Amino acid sequence: MQIVGFSTAQVATWIYVPAYRLLLDAGDGAAAHLGADCEDIDTIAITHQHRDHLAGLLEVVSWAAFERVCRILYPAESDHVTAVRQAGPTQGVPCAATARWTAVRAGQRIPLTPAEAGPQLLVLPATHAVRKTSNRALGYAIVDGDRIPLAVTGDSAVVPLDLPARPEVLFCDCTYLSRQDVLEPYAGLGQHGLLDRVLANAAQVGPGHLVLYHLNARYNAVEHAERVRETCRTQNVPFPVTVLWPGAVCRDILAAC
Ligand SMILES: [Zn+2]
């Protein structure tokens, strides 16, 4: 399955899944890199309203919703999302008014296509606090028949994920690779992911393939790939692990970048 994406903590995160016409988060640069592919997006699912996940939303909507309806899912009570929606018509994106803006909560299942037995997006809880309120952060999982082709945690370490099957691909926030790099406000459990904890938590879920994303901008493949490999070896991680390294768009994440 092709997955296209970019993710640097505090800069921008967006993940595009062409097979499901789904964009997960809409950080800055999504439209610039996806270009006309934005016209194929049916659903944009926002994990939380922090700027690095939201700043590119109007640009994407201006492509995606120009000639047809596209839907934007976002955590209920996300006032920044409401502000972006209201800004659309005054920012040269009048189609923002005709897009379907849908507030969602953990546990809901949203059909991804009009087909009755078609794939759905399952809304997952996340522990990330947004303006001191943790219920404004979500994860998502694609449910396709009895399969889960993809699940994403949003900006939180993996919580016990209540999924109907093992995810074939699991995207986990791994903002930090080393404990000493963790900024004090983010040291608490349930904030951002830390490599050894993320691997241990992901092992409970048992994905077919783990993708680490939302890394801090300080990390790069040249200097830090060995740290990831070594930690995987130490913890006997039984599934393949791919890192979406900061700063570069990857056109095929599962093929490794
Ligand atoms: Zn973020």
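1. Let's start with Q10, which is partly exposed, with 13 other C-beta atoms within 10 Å. Here, buried stands for 20 or more other C-beta atoms within 10 Å of a residue's own, exposed for 12 or fewer, and partly exposed for anything in between, with C-beta atoms placed from the backbone. Q10 sits in the loop between strand 1 (4-8) and strand 2 (12-17), and its phi is near 70°, a positive value in a residue other than glycine.

2. Please keep in mind that this is a predicted model: local features need pLDDT of at least 70, side-chain atom pairs count only at pLDDT 80 or more, and totals for chains, interfaces and linings use all residues. Residues are numbered from 1 along each chain as its sequence is written.

3. D25 also deserves a look: it has a positive phi of about 70° although it is not a glycine. D25 lies in the loop between strand 3 and helix 1, and is buried, with 30 other C-beta atoms within 10 Å.

4. On to helix 3 (residues 57-64), whose buried residues are L57, V60, V61, W63 and A64. Seen down the helix axis, they fall within an arc of 160° and so line one face; the arc is that of the directions from the axis to the C-beta atoms. Helices (H or I, at least four residues) and strands (E, at least two) are DSSP runs, numbered from the N terminus.

5. V60 is in contact (C-beta atoms, placed from the backbone, within 7 Å) with L23, A26, A30, A31, C38, I41 and I44, leaving aside neighbours within four places in sequence.

Key. Two residues are in contact if their C-beta atoms, placed from the backbone, lie within 7 Å.
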